[in-house]
Amino acid sequence: MGSGERVDRQERILDAVLRLLSEHGISGVNIRAVAREAGVGLGLVNYYYDDKASLIRAALLRIGEQDVAMVEPDPLLAPADRLRAALRRVTDPEFLTTEYLSLRLQLWSLARADAEFEEINTAAQRRYRERLALLIRAARPELSRADCTRRATDIDVLQNGLWLTALLGLDRAAIRRCVARCEEIALN
């Protein structure tokens with residue numbers, strides 16, 4: 001088995017974990033259900049992951065990587081435009097689906113259920129805010145690092161609130177106002 005096939009199988013397994021978390025919460029995740037959802041053998045899931053906790057850990061790490069990728073700067077844009085693009089990414093259609101927002105809710109609740117999961121979530125949020133603060137600093141170099149960090153934290157709170165309330169049916173106009181408010185916090 002080549003490394004590409006191995007990565008593809010692991011991706012399918014993690015996709016299955018995320019779908020099960022979104023649909024059924026942590027109680028819906030077990031090795032057998034993940035194998036069935038991923039369309040792979042039970043032995044293959046056991047080969048890559050020791051237990052339910054390692055499956056959840058891997059899924060949390062993957063979401064953390066996706067969060068950081070949302071604030072990766074586009075080198076083709078000017079600093080302020082890079083920042084605006086990053087702030088708008090949280091409202092991309094893929095992130096405003098019931099499935100994705102349900103998944104986020106499950107991931108937040110996992111942080112309260114297990115100290116290791118809380119540590120993973122906390123580290124991912126910290127990396128996201130650090131990257132966002134760097135984007136703010138690039139767009140507003142006259143601001144102190146502390147002010148950029150504070151602004152990034154305020155934006156993170158608003159964005160998480162946007163996702164939580166979007167799950168309850170937040171309208172597009174309110175979403176646009178939230179993004180505009182985030183841009184205002186970052187740039188003014």
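Is Asp156 buried or exposed? Asp156 is buried, with a relative accessible area of 6%; buried means under 20% relative accessible area, exposed means over 50%, and partly exposed is in between (1.4 Å probe, protein chains only). The views below come from a predicted model, where local features need pLDDT of at least 70, side-chain atom pairs count only at pLDDT 80 or more, and totals for chains, interfaces and linings use all residues. Residues are numbered from 1 along each chain as its sequence is written, and side-chain values use heavy atoms, with hydrogens and water left out.

**View 1. Arg129 and Asp156 form a salt bridge.**
Let's stay with Asp156 for a moment. A salt bridge here is a side-chain nitrogen of Lys or Arg within 4 Å of a carboxyl oxygen of Asp or Glu. The closest N and O atoms of Arg129 and Asp156 are 3.0 Å apart. This pair links distant parts of the chain, with Arg129 in helix α7 (residues 115-139) and Asp156 in helix α8 (residues 145-166), 27 residues apart. Helices are DSSP runs (H or I, at least four residues), numbered from the N terminus. While Asp156 is buried, Arg129 counts as partly exposed at 25% relative accessibility. Salt bridges that share partners also join Asp147, Arg150, Arg151 and Asp154 into one network.

Side chains of opposite charge can pair when their charged atoms come close. Arg62 counts as buried at 10% relative accessibility, whereas Glu11 counts as partly exposed at 34%. By the salt-bridge rule, the count comes to 15.

**View 2. Arg19 pairs with Glu37 in a salt bridge.**
The closest N and O atoms of Arg19 and Glu37 are 2.7 Å apart. Arg19 belongs to helix α1 and Glu37 to helix α2 (residues 31-38), and the two are 18 residues apart. Arg19 is partly exposed, with a relative accessible area of 34%. Glu37 is partly exposed too, with a relative accessible area of 32%.

**View 3. Asp67 lies in helix α4.**
Which residues does Asp67 touch, not counting those up to four places away in sequence? They are Tyr100, Arg104, Gln125 and Tyr128, where contact means heavy atoms within 4.5 Å. Asp67 is buried, with a relative accessible area of 4%.

**View 4. Phe95 and Trp163 form an aromatic pair.**
A search of the whole structure finds five aromatic pairs. Rings of Phe, Tyr and Trp (its six-membered ring) pair if their centres lie within 6.5 Å; planes under 30 degrees apart count as stacked, over 60 as edge-to-face and the rest as tilted. The rings of Tyr48 and Tyr49 have their centres 6.4 Å apart and their planes at 55°, so this pair is tilted. Both Tyr48 and Tyr49 are buried. For Phe95 and Trp163, the centres are 6.0 Å apart and the planes are at 40°, so that pair is tilted. Phe95 is in the loop between α5 (79-89) and α6 (98-113), while Trp163 is in helix α8, 68 residues apart. Phe95 and Trp163 are buried. Tyr47, Tyr48 and Tyr49 form one aromatic cluster.

**View 5. Ile13 belongs to the largest nonpolar core.**
A nonpolar core is a set of buried Ala, Val, Leu, Ile, Met, Phe, Trp, Tyr and Cys residues joined through side-chain atoms within 4.5 Å. Of the 57 residues in this core, Ile13, Val34, Leu55, Leu83, Leu132 and Ile136 touch the most other members. Helix α7 gives the most to the core, with eight residues. Leaving aside neighbours within four places in sequence, the contacts of Ile13 include Val34, Ala38, Val40 and Leu44.

**View 6. Helix α8 has 22 residues.**
From its first C-alpha to its last, α8 reaches 31 Å, close to the 32 Å expected at 1.5 Å a residue; the expected span is 1.5 Å times one less than the number of residues. The buried residues of α8 include Cys148, Ala152, Ile155, Leu162 and Ala166. What covers the buried residues of α8 includes α4, α5, α6, α7 and α9 (172-187).
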